[in-house]
Amino acid sequence: MSSELDDLYQEVILDHGRRPRNFRKIEGATRQAEGLNPLCGDHFQLYLKLDGDRIEDISFDGSGCAISKASASLMTSSIKGKTVAEAEQLFAEFHTLVTEGPDKVSLSELGKLAALSGVCEFPTRVKCASLVWHALKSALAAKSTAVVSTE
Amino acid sequence: MTSPVHPSPPEAEVVTLHRPVREAFDVERVRCEFPILARPVRGRPLVYLDSAATTQKPRPVVEAMARFFDQENANVHRGVHFLSERATEAYEGARERVRRFLNARQASEIVFVRGTTEALNLVAFTFGRLKVRAGDEVLVTAMEHHSNIVPWQMLCEQQGARLTVAPIDDRGVLDLEELERRIGPRTRVLCVTHVSNALGTVNPVKRIVALAHARGVPVVVDGAQGAPHLPADVQALDCDFYAFSGHKIYGPTGIGVLYAKAEHLEAMPPWQGGGDMILSVTFERTTYNRIPHKFEAGTPNMAGAVGLAASLDWLAKLPLALAWEHEQDLLDYATKALSRIGGLRLVGTAPEKAAVLSFVFEDIHPHDIGTVLDREGIAIRTGHHCAQPLMQRLGLSATARASLGLYNTRGEIDALVAGLEKVRRMFA
């Protein structure tokens, strides 16, 4: 097995892909967005509960590949409790990680999200890893419900 | 002056003394004509199982196109000069080559287009617009590619007509009784694929055409996956329209064919306006060119047509019946091999199939399967295969699809099976 493949499908990724965290619907979500990758069929709903500027709760459901699902699971775990500005900052870091590689970012700031560093060697999978982040961005930008698509 | 003592003898007649009873199909020899098949991918031999997306091109096709550019290139149908004449001969020669391939009655029934998608759009927005009125129906099948759904849907929206759908069963077989029931008094056109790109199902087009014609309904056949794998004899099928793409039949991209019965082409309004599709233009009125030129506005894809003709020549030089037999053997071999993999389910199990193996594997997403196989040098397609309504019907969001060409081997199927075992080890 190539080591790049092992880097992509790290144990953390496989674990979050199989047993995604925050995989549920939030009743009474204040923001909601749909993430759709029409090419491969990844399709998620993202739910947020905002308390002022703070992301009080965040969750997702839907279906997709191991990368997109693990990314959604890790993303929701890392930004719960953060402010909108902190979440946006994290997205910028994460985007650099998956497009340019781990050398270009501070891995300590990314925490568990660093598990997705292998994605940068797989350009066709960047959109899987970033799908739910784009959904987050549009959920934060929109007043209520939004649909994003990465293709 | 003396006349030559030894005049040249007449050209010797070639006599074959030992004609083989049955020419063999040698897949290794065929592979030699595809340099790309010999290149390594990610440090491993390439296993190309994505021919339904696009086939690889044999050297004769590439060489014919290079020769055209090197020796014959000029604009067609215009100049009085030498090269323009040569280019016109090459382009119109390609049309005649396609006519022979499809067994059309006349070359004027062959319209060159960019590909199957453009061909189907052309039919929808000329023939369709002519025939389909408010309250009418266009009948498609549940297994159509988006390119044989969306143009008709757009037409129906514009005309206030209704798109109706002939259902399939869980194996991916068209229900002919239901199809027949759906051909109603308002059905103006029936659109069906020859071979399903997502399932491999071969549809009984000849029977479907007979059913439709008995009710006066013309039939449009999407031959993108049909022409590369089955005889596409338009007179035998008796279809009204047949569309296919060059790049799925070992030819270049950007060139495709719309066959239409001459009577339809004569009645259809032009599609795009411009040069080459006219006889005369004034600001008051334009007289359109005769068929098929009426439908070929602008400078056509000349080298593409030459490349397509070369691919059809290349096919004709093979023992084609045996080549297709090889492909069918390989499909059977692969079907058995994949069926033995626990947790793998083939999607599309029609008794009549061609060249396509769609499958789902445990609950591993097809995209992850594709990435792991890619690292083994194995190219497959993953996703909805531009047939989302079909995927919805089957309750799937995506499948993995291995598709075959004449150049594939049993060894490559074995590599696929081994690759899938790696996928299982990684995700199970």
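This is a predicted model: local features need pLDDT of at least 70, side-chain atom pairs count only at pLDDT 80 or more; totals for chains, interfaces and linings use all residues.
Helix H11 (residues 320–339) and helix H14 (residues 410–427) of chain B have axes that come within 10 Å and cross at roughly 20°. H11(B) and H14(B) are therefore roughly parallel to each other. The crossing in which H11(B) passes H14(B) is right-handed. On the side of H11(B), the contact is made by B:Leu330, B:Tyr333, B:Ala334 and B:Ala337, while H14(B) contributes B:Arg410, B:Ile413 and B:Val417. By class, this contact of H11(B) with H14(B) comprises 6 nonpolar residues, no polar residues and 1 charged residue.

In the contact of H4(B) with H5(B), 6 residues are nonpolar, 2 are polar and 1 is charged.

The domain organisation of chain B was considered next. Chain B is divided into domain 1, which covers 27–49 + 319–427, and domain 2, which covers 62–316. The centres of domain 1 and domain 2 of chain B, taken over C-alpha atoms, are separated by 28 Å. The contact between them takes 20 residues from domain 1 of chain B and 21 residues from domain 2 of chain B. On the side of domain 1 of chain B that touches domain 2 of chain B, at least two residues each are supplied by H11, strand S14 (356–361) and helix H13 (388–393) of chain B. This side of domain 1 of chain B consists of 11 nonpolar, 4 polar and 5 charged residues.

Another helix of chain B, H12 (residues 366–375), has 8 of its 10 residues buried, so H12(B) is largely enclosed by the rest of the structure. The buried residues of H12(B) are B:Pro366, B:His367, B:Asp368, B:Ile369, B:Gly370, B:Thr371, B:Val372 and B:Leu373. H12(B) is followed by B:Gly377, for which phi is positive, near 85°.

Elsewhere in chain B, B:His247 is located in the loop between strand S9 (241–245) and strand S10 (256–260). A residue is buried if 20 or more other C-beta atoms lie within 10 Å of its own; B:His247, with 25 such atoms, is therefore buried. When residues up to four places away in sequence are not counted, B:His247 touches B:Thr54, B:Thr55, B:Pro252 and B:Thr253. B:His247 and B:Asp50 are 197 residues apart along the chain, and their C-alpha atoms are separated by 12 Å.

Between the chains, 16 residues of chain A are in contact with 14 residues of chain B. The side of chain A that touches chain B has 10 nonpolar, 5 polar and 1 charged residues.

Contacts within chain A and with chain B meet at A:Gly64: apart from residues up to four places away in sequence, A:Gly64 touches A:Asp42, A:His43, A:Phe44, A:Lys69 and B:His365. The position of A:Gly64 is in the loop between strand S3 (54–63) and helix H3 (66–79) of chain A. With 29 other C-beta atoms within 10 Å, A:Gly64 is buried. A:Gly64 and A:Asn37 are 27 residues apart in sequence, and their C-alpha atoms are 8.9 Å apart in space.

A further loop position of chain A is A:Lys112, which is found between helix H5 (107–110) and helix H6 (126–141) of chain A. A:Lys112 is partly exposed, with 13 other C-beta atoms within 10 Å. Leaving aside neighbours within four places in sequence, A:Lys112 is in contact with A:Val12, A:Leu74, A:Ser77 and A:Ser78.

How values were computed:
Residues are numbered from 1 along each chain as its sequence is written. Chains are lettered from A and ligands numbered from 1 in the order in which they are written. Two residues are in contact if their C-beta atoms, placed from the backbone, lie within 7 Å. Ala, Val, Leu, Ile, Met, Phe, Trp, Tyr, Cys and Pro count as nonpolar, Asp, Glu, Lys and Arg as charged, and the others, Gly among them, as polar. Axes are lines fitted to C-alpha atoms, for helices over the stretch in contact, and angles run from 0 to 180 degrees between N-to-C directions. Helices (H or I, at least four residues) and strands (E, at least two) are DSSP runs, numbered from the N terminus. Angles under 35 degrees count as roughly parallel, over 145 as roughly antiparallel, 65 to 115 as roughly perpendicular and the rest as oblique. A crossing is left-handed if the near helix is turned anticlockwise from the far one by less than a right angle, and right-handed if clockwise. A residue is buried if 20 or more other C-beta atoms lie within 10 Å of its own, exposed if 12 or fewer, and partly exposed in between; C-beta atoms are placed from the backbone. Domain bounds come from an automatic or database domain assignment.
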